[in-house]
Every structure is written in structure tokens, then in C-alpha cells.
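Please read them with the structure open.

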Amino acid sequence: MKHRVLRAAVSTLTACLAVACGDAEECTSHARTICSDGTVYWIDSCGNNEGEKEQCECGCLRDQSGCEACVECTPHAETICIDSVIYWVDSCGQQEEEKERCQCGCTHDPYACRDCALDAIGFEGRILPGHFLAVAYRGAARSFGLEDSSANILSADAAAALELVPGWLRSDLRNAFVDLEIEDQDRYASAILEAADPRFIDEIAYVVSHAAAQDLRTGSEAILSENAASVYEIAAEIGYAELIEHGEPGEEEHYTTVQHTVLVDGAEESVEIPREIYYRQIVFPIIDVESIRYINPTSGSAATPARGGVFWRDYLYFGEGEGSYIAPYCLKSPHLIDDAYLTAADFGAAAAYGSFVDLEVGPIEVLRAGDTDEPVAIMFVRGDGRCCNNTWPNPDGTYLATLVPVEAAAGNGHPELLENLLAAGNANAARRSDTLVSVDSLYDCQFVQEDRRVLLLRDRIPFDLGEDPNEVFLGELGYAYDVLTSADLPALVLSSTEPAHVNLDYNKIVIPSDQPRAFYEALADHAQAFEDFVDYGGMLEMHLATREADDWFGLRMPGGIRASAQIAETYIPAVRAHGFPALREVLAGVRAAWDGVVEPGLSGDRLFDPQTSAVEHVGWWGGQNAPQNIAETIAWKRRCWGFDRSWYAQRIVYNKYGNCGELADLLAAACRTALIPAKTVGTMNEDHIWDEFYTLDRWQPFQGDWSDAATRIGSWKVAADADTGGGKTVTAVSSQRGDGYQEHVLGRYEIEVDEEDHISNDYSRHVTLGVRVTDALGAPVDGALVLIASEGFYDTENLYIVGWAYADGDGRVRVTMGEGNNYYINVSSQLGEIPAPSTVARIATESEALPGEVFSVELAYDGEDYPFGVIEKPAASPKDYGQPTGAQIVELAVELDVPRELMHGESLYSDGRYFTEPADGQGRVDLYLLDRANYDLMAAGEDFEAAAVHEGIDSLSQTFVLPDDEEWYLVLANQGRLNSDQEVFLRVDATDVTYR
């Protein structure tokens with residue numbers, strides 16, 4: 001308001017001083033006063049200046065009748081733009097001297113000069129909801145000005161970066177930049193301008209242009225550069241994927257994608273991944289809800305690379321660094337068991353007495369032969385899948401076996417490996433065997449003492465040592481233990497025989513090295529008892545090196561463990577540390593991204609098969625690196641706070657455990673690392689999440705079961721809906737995109753039905769819910785949040801949110817949901833909640849929700865229940881100004897295109913993460929041609945008159961004829977919108993026309 005008062009005062013002064021009011025003899029003297037430059041003058045009734053009345057030290061009164069009382073005013077407190085001139089204004093609101101003259105008008109907040117041509121003006125950018133763009137043509141100055149209330153302000157570096165990126169990315173990148181502060185614009189612009197390779201520019205720019213502004217503000221621009229470089233580095237190594245550059249970097253339509261080799265009916269074919277999927281589900285650095293940050297895998301906290309922070313792509317692929325995930329975590333202190341130690345340790349006659357062969361399970365190879373890479377120390381998890389029933393702990397257990405004579409090394413002064421093995425507890429170290437945790441829930445724990453001990457089972461002291469080093473170090477570790485022999489095995493009861501099965505007296509059994517052949521035969525004869533013990537959560541640690549006379553070659557040890565003959569001629573002279581497999585290792589030599597074979601449940605215990613597809617290799621790698629679930633980890637760690645639910649892949653793979661959510665994040669990141677498009681998909685109400693990968697023109701289900709139980713590829717049964725043979729009636733299946741957008745995925749493909757009426761190509765048969773939201777006047781409420789609820793899967797007495805969507809520019813939402821459920825909705829927007837706060841309206845009943853049915857409902861904010869139920873928008877009335885007169889007029893040629901309407905919404909998983917999603921069809925704006933007075937009314941939100949009114953248009957090509965000596969405003973308005981931007985491309989050219 002202060003700015004309008006100042007503008008009116010200057011206009012009045014100019015008018016009065018320029019007008020002659022008649023002869024002096026007919027004028028009344030001292031009729032009024034006027035103030036100019038701090039001096040009050042007398043003016044007669046004809047407007048003639050009669051001389052100074054008084055000088056004002058502190059300026060004039062607003063009515064110009066005298067001097068303003070002096071108050072302390074701060075000079076240059078702000079600025080104001082009047083007729084393309086920027087003036088200083090003091091803190092009292094008084095106009096000061098000129099600051100800057102603008103050739104082409106000013107911007108608002110802050111006021112600054114705009115650059116433009118004198119005979120034309122253009123604009124590319126967004127108009128925010130409730131805002132407008134105005135092109136001012138000032139006839140007297142013969143110049144254009146631009147008033148942009150959406151503040152599409154770019155830094156110089158951001159503008160330069162826009163010039164480098166391909167044209168198809170430019171609009172999205174510009175929109176992303178203007179949502180950021182200048183310093184953040186410069187950070188991400190620098191990543192583009194300083195790209196180490198021109199080929200990286202499109203990958204970096206895509207992430208900037210499609211990430212949520214919140215993630216860019218808090219994220220690291222260095223990750224974007226590293227991420228792009230890693231994609232190209234990994235692509236150079238992988239045999240089944242090749243990056244394809246369409247055009248050359250720097251060309252207007254350049255883009256990159258990836259070409260896969262796949263098998264179709266056994267024959268190799270090349271398929272190219274669509275451009276958008278390559279960038280969104282391979283390049284994009286956010287899987288679902290994490291941030292763009294370096295994470296220290298050992299702590300799970302954000303950290304710079306100098307402090308151990310890593311990004312998941314390089315970390316998963318190479319497995320290198322101080323916090324490497326490939327170190328053998330089954331050891332207490334894996335950093336102590338490195339190649340230098342293994343070289344220096346004195347194991348006696350040989351470093352290993354043989355190697356493991358013909359294993360029934362694919363193990364973690366803790367140590368390998370130094371020359372042949374044969375496994376000589378292995379670890380794997382096995383169980384009966386009842387980790388969470390009734391009695392705690394009941395996790396899957398662990399086998400750890402070695403052919404390295406660890407007791408001999410301990411006797412020779414190198415005990416570190418033996419001590420590490422004895423302290424091991426599943427994938428976690430240094431548990432106290434006599435301490436058990438009773439767990440009522442994951443976060444509610446009590447410590448109770450039970451007599452759970454270590455069993456040392458042997459028939460003789462290994463290697464004729466004076467004492468068993470196992471006893472020495474168990475004592476030093478503080479573990480309670482018993483010593484039994486093979487003669488005790490027939491009477492030994494390790495586990496309860498009735499459900500729920502638990503181990504009774506021991507949670508770990510240690511078999512020392514160098515036992516007689518008869519001892520190993522007894523182990524083989526009683527293998528089932530030991531395998532039950534491991535199934536019910538126990539740990540069986542077998543040191544299986546023995547002298548040639550007692551070689552147990554040909555026997556099957558518990559867990560399906562077999563070994564080569566242990567004879568002096570085949571002793572292994574040197575061993576090296578190996579540990580968990582790196583992704584690079586398991587992808588080496590793979591020739592096909594996928595073989596097209598549906599795998600409903602590949603065993604998690606399967607041996608690694610180098611001939612299978614990359615997708616199967618990723619599944620095997622995930623099971624090897626995260627062999628336990630959360631409940632098992634709690635039980636083994638013996639403390640409730642010893643776990644975390646991270647969503648960062650680098651932390652998950654380091655932790656070695658996770659439920660379905662962690663495994664989905666890990667495998668999706670691994671697929672993207674392997675240049676296979678992937679995303680997480682889930683059923684929120686049914687509490688499950690898995691992955692999908694893309695190839696052969698569609699998304700395919702992909703799941704790694706927890707506890708390394710199975711890998712499922714292409715099997716639509718992973719959601720466990722009754723339509724696919726499961727036991728659930730799934731409500732919604734959705735995918736959370738990396739920018740926060742929720743995609744509902746049911747109904748994408750035509751289903752196939754087998755003879756048992758089970759479907760494939762979808763997770764469930766579905767229904768469609770349609771909602772339209774309007775205000776009290778019938779106008780669409782864009783951006784209204786529609787929450788969809790149903791009875792809980794685990795709590796059928798209460799309603800739970802199962803999905804959501806945001807209304808488009810027409811106020812419409814259309815989503816697919818699983819059939820056979822009750823569905824309720826709640827709608828919220830800036831106008832309020834419908835049907836009422838914290839209540840719902842039922843849109844479909846369980847009996848009505850039959851496959852293929854469509855349910856539609858219209859909800860309106862009526863004026864009685866919702867006093868603010870109308871979207872405010874000033875009304876425009878056409879006004880006929882007639883044909884312009886005079887010798888000179890101007891023609892304004894207007895070319896307008898509104899290619900997109902951009903919807904916004906906030907992720908319900910991540911507060912403050914707002915996505916942008918183009919709506920179907922073109923955008924729409926209102927175009928008005930206004931004189932100055934009506935422009936001021938429109939800008940103030942008041943009704944106005946216009947020489948031209950075009951409302952709800954998506955394009956326009958028209959010429960307007962105007963008087964050359966007047967001020968006109970061409971306005972593009974996005975008023976009447978709550979949540980949708982309009983993207984506009986505008987050009988206005990002025991041409992003089994002389995009339996005679």
C-alpha cells in the first residue's frame with residue numbers, strides 16, 4: 001500500500017505543475033499549498049506557484065499542507081520502482097534519490113532492472129498458483145517491462161548451466177533452479193559447468209531437475225558428479241549392458257540410455273531401456289526416502305568422504321574403503337585378520353589342510369587358498385524360518401567351518417584368528433553366551449539370566465598341545481562352557497522336541513581341530529541333531545583340520561559340509577582373507593541382464609552359478625550380504641538397541657541384516673548399480689515391500705526374502721494376494737518415487753489367468769476409484785489431497801491409510817486399488833477437510849469392489865459448512881476501448897504456449913519433500929490486456945475490466961492494436977489455482993503503425 005501512495009503523490013505533483021489554470025487576475029491567491037523537494041509553496045486557485053511558504057527539514061505532510069514533524073528515519077531502507085526507475089525509500093516511507101534507471105522495467109521483491117529488447121520481450125518459466133506474469137508496454141518510453149510475481153530468478157551460473165544441457169531437460173532444470181536460493185543454484189550449476197566429462201552433464205542435470213527442492217537444499221552436489229562418473233565407469237566393465245549416446249554431448253536433443261543383452265527363449269536379444277526409465281530408475285541417486293548424502297556405513301550417520309562417508313553406487317560395486325562391507329564380519333575383529341596377519345601367522349605344517357568341496361549351501365567364504373581361491377573357511381546361515389514364534393530367541397542359526405589349523409597357530413603365538421572365531425555370534429561379534437534377552441517387541445526388552453553355555457565337543461587335545469587353546473580363550477572371553485566327548489552324543493539332547501522349538505543348554509558348539517576319524521564319523525551319524533540345533537538359532541563352529549591318518553574325507557559333516565582329502569601332497573601353503581562378495585565380483589563375466597525365466601523361489605542356500613543372469617546374481621549377492629532379519633539380529637546381539645532400521649543401502653549392507661524394507665532398498669540400489677532399472681514397490685496396509693526391475697518393455701517383480709531364504713524373479717505372487725494364490729486381499733500396491741511421488745501400479749498390464757484362476761502380470765485384480773473435488777462455486781480444487789483408507793490387515797477394527805493422490809488441475813483423482821475391500825476417503829486442501837476433519841466417507845464396500853468396477857464421487861466445499869470454501873479469483877469484465885486514435889499506434893504480436901501444468905504434492909513418508917509431476921494434457925492460463933488503472937486493481941485482487949479477456953487457454957497467436965502513447969499490460973494469470981504451476985513460453989513483438 002505504501003508503494004501505491006508514493007506513486008500517486010508523484011503523479012499528482014507532475015500534473016499540477018504542468019497545467020495552466022487561467023489568467024492571474026482571475027485567480028484566488030494562496031488557495032492551497034504544494035510540497036516539492038522538501039519546500040512548501042503557495043499555489044493560487046489556477047495552480048500558479050506563488051512562492052515559498054516554508055522549508056521542511058524532515059519532509060512534507062502527506063496532504064502537502066505543511067511540514068512533517070521530524071522523526072528518525074533510516075535512509076536507503078528499501079527501494080521502489082516507479083515508471084521503470086528504481087528509487088531509494090527511507091524507513092519512514094519517504095522517497096529518496098534515484099538509484100537506477102531501467103530500460104525494460106523492474107522486478108518486484110527485490111526491485112531490480114530487467115534486461116530485454118526494446119522492440120520485443122520473451123519469457124520462459126512458471127507462473128505459480130495465485131500469481132501472474134505481466135508484460136508492460138510503456139508507450140511514452142517505447143519500452144517493455146516485465147512484472148513476474150512468481151520470481152523466476154536465476155543466478156548467472158544457473159543461466160550458464162541451462163545453456164549446456166539438452167533442450168528436453170531445460171524447462172525442468174530452470175524450474176528446479178528457481179526453487180532454490182542463489183547459493184544452492186550456484187552449487188548445482190557448478191556441478192554441471194565443471195563436469196569432468198561432457199557426457200556426464202545430462203546425468204547430473206537430470207538429478208538436479210527432478211529431485212525435490214528439500215533434497216537439493218540439504219544434499220551434496222559432489223554426489224551428483226561422482227554418481228554420473230560411476231555409471232560410466234561401471235558400464236565400461238559390465239558385459240551385458242552398454243551405454244548408448246543419442247547424439248553428441250552439447251547437442252540440443254542429446255540423451256543417454258542403456259542397452260541390455262537379454263535372453264528370449266534362450267536366444268540373445270538387445271533391448272534399449274526407455275530414456276526416462278534410464279535416468280529415473282538407474283541414474284537417480286535416491287531409491288525412495290533417503291537423502292542425497294554421503295553416509296558412513298560403520299555408523300549410519302551423514303559424513304563427508306574425509307570422515308568415512310560413501311555414496312552407495314561405488315561402495316556397493318567395489319566394496320572398498322575403510323568401512324568395507326566385504327570384510328568377514330563373522331569374526332570379532334575382522335580388521336585383525338588381514339592378509340599380512342595370515343602371511344605372518346605360524347600355522348605349522350600348512351596354512352590349510354584342504355579345501356571345502358561339493359557344498360550343499362552357497363557360503364560366505366571367509367578365507368581362501370592363496371593360489372587357487374578355493375574356500376578354506378566358510379560361514380552361512382540356516383534355519384527353519386520360525387525366527388519370531390513364541391519364544392525368544394528363536395533365530396536362524398549359523399555354521400562356521402574352517403580347515404585352517406587355528407589351534408596350531410595359537411600354540412605358536414598367533415591366537416588372533418582362533419579368538420575371533422570363538423567370539424563370533426552369527427554375523428555379530430562378542431556376544432555373551434550366558435546373557436539372554438526377553439523381547440516383547442522390537443523396542444521393549446528385558447535382560448534375564450539363563451544358563452546358556454558353550455559346548456566344547458572333542459575327543460582329544462588338538463595337535464598334542466599341553467592344553468586346548470579353545471578352553472584358554474573361552475575362559476579369557478568370559479564364556480561359560482562344558483567339555484563333552486563323542487561318547488556323550490547318543491544321550492545328548494540339544495533342542496526341545498516339542499514346539500516352540502528352542503535350544504536347551506547351549507547356544508554355541510565348538511569342535512576343535514585334529515580329532516580322530518571315529519569322532520568325525522560320530523558327528524556325521526548325529527548330523528540331524530546338530531542341524532536342528534542350528535535351525536533353532538544355535539551356532540555350530542567346526543575347526544575341521546586334522547592329521548592325514550584321521551582324514552574325514554568322504555564324510556558329510558552337519559550342514560552338508562564336505563572337504564577334499566587332507567593329505568600332505570595337497571596341503572595349502574598360504575591363505576588370504578576374503579569375506580562377503582562385492583557386487584563387482586559376482587557380476588564379472590555375466591552376459592545377460594535377465595534370461596526371461598520366472599523364478600518363484602530360488603533357494604537362498606543355492607550355490608553361486610556364474611552362468612545365470614545379472615538379476616539372479618544381484619539376488620544371490622543380497623542374500624549373502626544380509627543373511628539375517630531384524631529379529632534374529634536382536635536375539636544374537638543380546639541387546640535391544642544393537643540394531644537400526646536404516647534406508648541407506650551402504651549402511652544396510654554393512655549391517656548384514658534387514659527385514660523386507662531394508663532388503664528392498666539394498667537390492668534396488670544394487671540393481672541400479674548394475675545398470676538395471678529398479679524401484680521399490682509395496683503394500684502399505686499389508687506391511688510388505690519388494691522391488692521391480694525393468695526389461696523387455698515392462699516392470700517385473702523382484703524380491704529377496706529375509707534370512708537369505710529365497711530369491712523371487714518375475715513372480716507376481718510376492719504381494720501374496722489371493723488372486724495370485726496367496727492369503728491376502730491386497731488393498732493398494734504403490735511405488736514411492738525418489739522425489740516423493742506415489743505411483744499406484746495395479747492395472748498396468750493385461751492379466752493372464754491359469755487353470756486355477758490365479759493371475760499373473762499383476763499383483764491383484766483391481767477396481768478404480770475416481771474423485772472430483774470442487775469449491776462452493778463449482779471450480780476445481782487442484783492439489784487437494786485425497787487419502788484412501790481401509791480396514792487394517794492386522795487390525796481389522798480400525799481404518800488405516802492405504803494410499804493417497806493429489807487432484808489435478810480439474811480437481812480429479814483416479815487410482816487403482818485391489819478388489820474385495822471397503823474403501824473410504826478423506827479430502828483436504830487449503831479450503832478445509834471433507835467430509836469433516838478426521839472423518840471419512842465410504843466410496844465402495846467390500847461386496848461392491850468387484851474386479852473392473854469403477855467408483856466415482858464428487859465432493860464440494862459448500863459455503864455453509866466451509867465459510868472459506870471458494871478459491872478467490874478477481875472477476876474480469878470485457879471493456880470496449882474503441883479503435884485507437886492519433887497519428888501513431890503500436891501493434892503487439894503475442895505468441896503464447898502453455899505446454900504443461902505442473903502438479904505439486906508432499907510425500908506422506910517424508911515431511912517437507914515436495915514432488916513436481918506434469919499433469920495430463922497442456923496447461924492453462926488466463927490472458928488479459930489491461931490499462932494501468934485496471935492492472936492495479938487486478939494486482940490487488942480486485943475485480944477489473946480488460947480490453948481483451950481470454951480465460952483457460954493453452955495457446956494464443958494474436959495481434960493487439962494499442963495507442964502508442966499509453967501504458968498497457970498484457971497479463972498471464974494463474975489465479976484460481978491452489979497448487980498447480982503453469983509453464984509458459986511467451987514472446988511479444990512491437991511494431992509501429994502510422995495512421996494518417
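1. Two strands count as paired if DSSP finds at least two bridges between them. The model is predicted. In it, strand β10 (residues 132–138) and strand β51 (residues 967–973) pair in the antiparallel sense over seven bridges. Valine 135 has leucine 970 of β51 as its bridge partner.

2. These strands belong to an open sheet of five, with antiparallel pairing and the order β11-β10-β51-β47-β49. At the edges stand β11 (143–148) and β49 (948–953). Each has a single partner strand, so one side of each lacks a neighbour in the sheet. On average, neighbouring strands are turned by 15° against each other, direction ignored.

3. Helix α21 (residues 932–939) packs on this sheet. It touches β10, β11, β47 (925–931) and β51. The direction of α21 makes about 140° with that of β47.

4. Now the helix pair. The axes of α17 (residues 614–625) and α20 (residues 660–673) come within 10 Å and cross at roughly 135°. That makes α17 oblique to α20. The crossing of α17 and α20 is right-handed.

5. Which residues of α17 and α20 make the contact? From α17 come Val618, Gly619, Trp621 and Gly622. From α20 come Leu666, Leu667, Ala670 and Cys671. The residues of this contact divide into six nonpolar, two polar and no charged.

6. Glutamate 616 also lies in α17. Is glutamate 616 buried or exposed? Its relative accessible area is 9%, so it counts as buried, the cut-off being under 20%. Leaving aside residues up to four places away in sequence, glutamate 616 touches Leu602, Arg606 and Ile713.

How values were computed
Residues numbered from 1 in each chain as written. Predicted model: local features only at pLDDT ≥ 70, side-chain atom pairs only at ≥ 80, totals over all residues. Heavy atoms only, no water. Axes fitted to C-alpha atoms, helices over the stretch in contact; angles between N-to-C directions. Helix = DSSP H or I, 4+ residues; strand = E, 2+ residues; numbered from the N terminus. Parallel < 35°, antiparallel > 145°, perpendicular 65-115°, else oblique. Left-handed = near helix turned anticlockwise from the far one by under 90°. Contact = heavy atoms within 4.5 Å. Nonpolar A, V, L, I, M, F, W, Y, C, P; charged D, E, K, R; others polar. Buried < 20%, exposed > 50% of the residue type's maximum accessible area, 1.4 Å probe, protein only.
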